[in-house]
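Okay, thanks for having me, everyone.

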Amino acid sequence: MMPDPITLKHWHKILIIWVGILICGFAMFVAIGNSNWQMIVLLSFSMAYCIAALIVMRLQFIALRPFRPGKGFWYYRSAYLKKINALTVIQIILFLTFVWVLIWPPDNHGSKRNSPLVTLLFLIVVIQLFVKPRGQQSQVPVDNIFLFELEDLGIIRSTDAVVYAYKGFSSWAAVNDGDKVLLLMSDRLIVVRMLNPNEGERIEILLGDIDRLGILTHGKQGLGLILSVGLSNGPILRFTLDNRNLQYSLEIFVSQLLGLLDKRGLGQADNPDSALPPRFRPEGYSRVKRDSIPVIRSIDLRMKSTASATEASHQPSFANKKVLEF
């Protein structure tokens, strides 16, 4: 069976991983023939990483796994300090391997002798400069001014209690095609996708309808995410989140989402009306003018293709679709 067109867009990543496995396998065959144990160890780590990445890609795009409360997604469930400690342990192991290779170098000369050292230093620096800082994004509560703007747009009500948010742009004046807003509430997830700076689409997903979940890092320095959400007896929704605006942390958003899904799966869901205190607009707040904001249409994920011809040109039909990119 051929994969869906959305999955095909990401198959080049799977191809790159397979190429990496083949290269590591060939290089290990040569290293074993030369009894180069340092290179064998490094190549073993590299191949294990490629195989793990291949498994993750398969779970994300081919066989999205069922969500089990409290299970999986260790990185997003763990506290920031635990993540840092785990990454530090990995750096120590890499450093000890670096010292080992420095004291007992491979039996070769020139650049081949230095390549393991360069690789190890590169991995240590990448973890320190790019992986660790990911957890240091802003952890401040959702800005009430942003929520008031969403009320003015008609995206949320004044009584809606937003637990956490993701916004893929800095301001409504800097919106690009495909930018998204994700709003997490105690009982549902609201997603807004901008088709262009002047119009967008809004959907609501009840947390109780989510029975499959996939999370994959994406984009520059791995700061973005591809979030796959499978609905009960329904399609899989995929959201590509580039995280160009670092005001709200994607990792915290996913951590909050997992926490709420865990509670619902264990029958401990919060009361939506008492999740957060009410919001009050500050004095002097200027309501967003209707002639300067985009038009946001609500889309029903369960709707069939029964709309009129005029409506059908503006609203997509989700009937018989297994995977949707939103």
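First, a quick definition: I say a charge sits over a ring if NZ of Lys or CZ of Arg is within 6 Å of the ring centre and within 35 degrees of the ring normal. With that in hand, look at Lys167: its charged end sits over the ring of Phe146, 4.5 Å from the centre. Arg65 does the like with Phe73, lying over the face of the ring at 5.0 Å from its centre. Keep in mind that this is a predicted model.

Now the overall picture. The protein has 326 residues, and 43% of them count as buried. There are nine helices and nine strands. If you take contacts with a separation of 6 or more, 60% of them come from residues 24 or more positions apart. The accessible surface is about 18300 Å², with 61% of that belonging to carbon and sulfur atoms.

On to the ion pairs. Side chains of opposite charge can pair when their charged atoms come close. Here we get 10 salt bridges. Let me start with Glu204, which bridges to Arg188 with the closest N and O atoms 3.4 Å apart. What does that pair tie together? Glu204 is in strand E4, residues 199–206, and Arg188 is in strand E3, residues 188–196, so the bridge links parts that are 16 residues apart in sequence. As for cover, Glu204 is partly exposed at 33% relative accessible area, while Arg188 counts as buried at 9%.

Glu204 has another partner, too: Arg202, with the closest N and O atoms 2.6 Å apart. Arg202 is buried, at 10% relative accessibility. And through shared partners, salt bridges join Arg157, Asp160, Asp187, Arg188, Arg202 and Glu204 into one network.

Another of the bridges pairs Asp211 with Arg212, at 3.0 Å from N to O. Asp211 is partly exposed there, with a relative accessible area of 29%.

Key
Residues are numbered from 1 along each chain as its sequence is written. This is a predicted model: local features need pLDDT of at least 70, side-chain atom pairs count only at pLDDT 80 or more; totals for chains, interfaces and linings use all residues. Side-chain values use heavy atoms; hydrogens and water are left out. A salt bridge is a side-chain nitrogen of Lys or Arg within 4 Å of a carboxyl oxygen of Asp or Glu. Helices (H or I, at least four residues) and strands (E, at least two) are DSSP runs, numbered from the N terminus. Buried means under 20% relative accessible area, exposed over 50%, partly exposed in between (1.4 Å probe, protein chains only). Contact means heavy atoms within 4.5 Å. Accessible areas come from the Shrake-Rupley method with a 1.4 Å probe; for residues, only the protein chains shown count as cover.
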